[in-house]
Amino acid sequence: MIYAVIDIGSNTVRLSVYKVHGEKVTNLFNEKEQASLKTYVKDGILSEKGIDRLVSTLKKFKAVVDNFEDIDELHPFATATIRDAANRTEILDRVKEEVGLDIEIISGEEEAKLAFIGASSSVEVSRGILTDIGGGSSEVVIIDQNKVIKSTSLPIGSLSAFNDYVDGLFLNKDEKKDIDTAVKDLLESNKMYREEQELLCAVGGTARATLKFYNEYYNESSYNTVMDASNLNDMIKEFIEKEPRDILDAILAVKPDRVHTLLPGMVILNRLTKYFYCEKISISQTGVREGYVYNKLLGRNN
């Protein structure tokens, strides 16, 4: 069987195609559109322009899928921005009418579970913290003995943090402190207890972009998948002190599509490592989409 999965996030919309043969799941190819849906939300409503952007992106991806006769099923699902939109029903109806797709809404708790299942398919996540920092929310999972002990979805992500806390293109020290405080307060209000954890495993685009920037900054191999938490903290502090043009050039050289969201995402990740006293951050190349395939389509729970 070959499955296509469309992950509709707050910052990006991603198409991934997987071949399933027995117990083996192979990623065949990926496409990404920087839709930035969160920027079209005002007073909890996704604007007409935002819905048009979503419809246009889904039409593009459906056309890609339709061109491959070997793809057996297409499954679109949405996370923070769509599930939290006050006009969610209108959005789903428009997509059904104009694209012919039924979007499945994934709850924050379910998203956290899928991130864990997806990450577990490629890295060892037996104990520690797992996070998926998206554009509009951040899923946080406490794991012990290969099981989810507690999970929560924080209503803050790399794009929403930029929109809510950053006045210019790049954040300053005061704005970094504001994001830090917001994440800490959300963790405490969601009763995520503080216990020393050696490892934080991170999945998703923000995590992968941070790792790519980290490897460039510290001249690490491009194959390196582990960051030292203290080095990440130092890198952020050093970087926000630089001149805006220097920051711009550095991000454009590594991850130009995240020029405005990379630093806010790094700050969220950094605060999570501090909150749980983590020393190392392991970046998984698999996450929610792989978890969706394993759990939703193949019926696996781990």
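The questions and answers below take up salt bridges and then a pair of helices.

Reply: This is a predicted model, in which local features need pLDDT of at least 70 and side-chain atom pairs count only at pLDDT 80 or more, while totals for chains, interfaces and linings use all residues. Residues are numbered from 1 along each chain as its sequence is written, and side-chain values use heavy atoms, with hydrogens and water left out.

Me: How many salt bridges does the model hold by this rule?

Reply: A salt bridge is taken as a side-chain nitrogen of Lys or Arg within 4 Å of a carboxyl oxygen of Asp or Glu. Under that rule the count of salt bridges comes to 20.

Me: How many residues apart in sequence are the parts that Glu 33 and Lys 60 tie together?

Reply: Glu 33 and Lys 60 form a salt bridge whose closest N and O atoms are 2.8 Å apart. Helices (H or I, at least four residues) and strands (E, at least two) are DSSP runs, numbered from the N terminus. Because Glu 33 lies in strand β3 (residues 24–33) and Lys 60 in helix α1 (residues 48–66), the separation of the parts they tie together is 27 residues.

Me: Is Arg 127, the partner of Asp 144, buried or exposed, or in between?

Reply: The closest N and O atoms of the salt bridge between Asp 144 and Arg 127 are 3.7 Å apart. Asp 144 lies in strand β9 (residues 138–144) and Arg 127 in the loop between α4 (108–120) and β8 (128–133), so the pair ties together parts 17 residues apart in sequence. On a scale where buried means under 20% relative accessible area, exposed over 50% and partly exposed in between (1.4 Å probe, protein chains only), Arg 127, with a relative accessible area of 40%, is partly exposed.
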